[in-house]
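Visitor: Could you take me through one part of this model up close? I'd like to look at the packing inside.

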Amino acid sequence: MNLYDRFVMPLLIDCCCGMKPVQEQRAELIPHATGKVLEIGIGTGRNLPYYDSAKLEALCGLDPAEQMNATAQKRAREAGLDVELLTLSAEEIPADTASFDTVVCTFTLCTIPDPIKALGEMRRVLKPGGKMLFCEHGRSPDQSVQRWQDRLTPYWKPIAGGCHMNRDVKQMLAEGGFKINEVKSSYLRGGPKALLWVTRGQAVAA
């Protein structure tokens, strides 16, 4: 791992993911997590302050970037949460089938190398009746923005941990075997539209 990936990239991602409009999306979504929870792409733990500990039985966080674990553990302690961290990507989740009540995935599908396979795994580990909470940036409905997303993604990926700004969130969820029950999409304020078309909601296994 080079110095950029180890030290600079985590700071960049943490800064972007900590913007006020992004945090407001987390505050709307994360309190709905209940029971045994698996968070995909926990990163530096930006979601942790928003969990309702009274609703949780257990919390497990999965992320391939080990260099972010220390910050995530610090935020877990500050939030009064006990979290188990696994340094793995989501394409193969080391959990039994039907073992979680809630899967949380925020600003993560953009970076997973094989998001459809990962979504299949998320569906597999959800209990019958379990829910997936998602909040992801992705492909804009506006063609002019789409063109910029397609142009910029090859340059953005190497500096942003593999982030694709042009992935279609709703399409990925459908291809991964999920049915969306609740959804809201809009541009967040305070940044370039190419990065800030955000889709938030809840889904269940189709």
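Guide: Here is a walk through the nonpolar cores, with a stop at the cysteines. Keep in mind that this is a predicted model, where local features need pLDDT of at least 70, side-chain atom pairs count only at pLDDT 80 or more, and totals for chains, interfaces and linings use all residues. Residues are numbered from 1 along each chain as its sequence is written, and side-chain values use heavy atoms, with hydrogens and water left out.

A nonpolar core here is a set of buried Ala, Val, Leu, Ile, Met, Phe, Trp, Tyr and Cys residues joined through side-chain atoms within 4.5 Å; buried means under 20% relative accessible area (1.4 Å probe, protein chains only). The largest one has 24 residues, and Leu-38, Ile-40, Met-122 and Met-132 touch the most other members. At least two residues each come from β1, β2, β4 (100-106), α4 (115-125), β5 (126-137) and α6 (169-175), with α4 giving the largest share, four residues. Those labels are DSSP runs numbered from the N terminus: helices (H or I, at least four residues) and strands (E, at least two).

Zoom in on Ile-40: leaving aside neighbours within four places in sequence, its contacts (heavy atoms within 4.5 Å) include Leu-62, Ala-90, Val-103, Ile-112 and Met-122.

There's also a second, separate core of 22 residues, Cys-135 and Leu-188 among them. Cys-135 is buried at 1% relative accessible area, but its sulfur sits 10.0 Å from the closest cysteine sulfur, in Cys-105, too far for a bond. With a disulfide being a pair of cysteine sulfur atoms within 2.5 Å, the count is zero.

Key:
Buried means under 20% relative accessible area, exposed over 50%, partly exposed in between (1.4 Å probe, protein chains only).
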